[in-house]
Amino acid sequence: MTATAPLNVAIITGSIRDRRFGPTVAEWFAGEARRHPALRLDLIDLADVALPAVLAADDTGPSEAPEPVRKLGARLDRADAFVIVTPEYNRSFPASLKTAIDWYVDEWQAKPVGFVSYGGASGGLRAVEHLRQVFAELHAVTVRNTVSFHSCRDKFDDRGRPIDEVGCRAAAESLIDQLTWWARTLCDARAERPYVA
């Protein structure tokens, strides 16, 4: 990969709950990411994917996986980096997101993961801390900076834009800068030598 080649970034909306706020947050972040012409975005809403809740046995081959699993797997495999948009449910992240993570292994390895979280008083940050541990186990690299929205429904206007647009844009830019650096670095490393888990 050259320094100017586009990076494929999958933005994953993790909540599938009825009347969820995740799509509002994900669309806003995608709008910020679109300001970077070097990024190609793939918006993945887990509510539209319909992954089975029962995972396959360890010895099940990729071709034997259910069709929704194969389709999402191809999209994750193409990604150079991920942004997880997650709420906090009961001090952690949604079961739908854990299911989506656990269906895959190689697709996450040696790739960077950023987080945009939302929720009540904690802004989803406890969910992010749990996700960091999960992705470390999958040999992914989580970037330090996050974007978080405390009392999220009070932080957006009727158009789905953050009320503090300047501050939120600065936070998004910081996350995107770190994610881009790690994505290019890890792409180059994977091209030079395969990652061994």
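**Cores, pockets and salt bridges**

Good morning. I begin with Arg132, which counts as buried at 18% relative accessibility, since the cut-off for buried is under 20%. The model I am describing is predicted. The partner of Arg132 is Glu129, and their salt bridge brings the closest N and O atoms to 3.5 Å. Glu129 is partly exposed, with a relative accessible area of 45%.

The largest nonpolar core contains 29 residues, and Ile12, Trp108 and Phe135 have the most contacts inside it. Two or more residues each come from β1 (7–13), α2 (67–78), β3 (81–87), α3 (95–102), β4 (112–119) and α4 (125–137). The largest share, five residues, is that of α4. What does Phe135 touch, leaving aside its neighbours within four places in sequence? Its contacts are Ile84, Ile101, Trp108, Val113, Phe115, Ala140 and Thr142. A second, separate core has 28 residues, among them Ala26, Val147, Phe149 and Ile176.

Let me turn to α3. Its buried residues are Ser96, Leu97, Thr99, Ala100 and Ile101, and the elements covering them include β1, β3 and α4.

Next, the pockets. The largest has a volume of about 520 Å³. Of its 18 lining residues, Thr60, Pro62, Trp103, Tyr104 and Val105 lie nearest the centre. Helix α2 supplies four residues, the largest share of this lining. By class, the lining comprises 10 nonpolar, three polar and five charged residues. The second largest pocket, at about 160 Å³, has a lining that includes Arg17, Arg19, Arg20, Glu88 and Arg153. That lining divides into five nonpolar, two polar and five charged residues.

I return, finally, to salt bridges, of which the whole structure has 14. In one of them, Arg190 pairs with Asp80, with the closest N and O atoms 4.0 Å apart. Which parts of the chain does this pair link? Arg190 belongs to helix α5 (residues 165–192), whereas Asp80 sits in the loop between α2 and β3, 110 residues away. Asp80 is buried at 8% relative accessible area, while Arg190 is partly exposed at 24%.

Another salt bridge joins the side chains of Glu165 and Arg161, at 2.7 Å from N to O. Glu165 is partly exposed, at 32%, and Arg161 is buried, at 19%. Thank you.

Note on methods: Residues numbered from 1 in each chain as written. Predicted model: local features only at pLDDT ≥ 70, side-chain atom pairs only at ≥ 80, totals over all residues. Heavy atoms only, no water. Core = buried A, V, L, I, M, F, W, Y, C linked by side-chain atoms within 4.5 Å. Buried < 20%, exposed > 50% of the residue type's maximum accessible area, 1.4 Å probe, protein only. Contact = heavy atoms within 4.5 Å. 1 Å grid on protein atoms, 1.4 Å probe; cavity = no way out; pocket = protein on both sides within 12 Å on 5 of 7 lines; lining within 4 Å. Points joined across faces, edges and corners; volume = space filled by probe spheres on them. Nonpolar A, V, L, I, M, F, W, Y, C, P; charged D, E, K, R; others polar.
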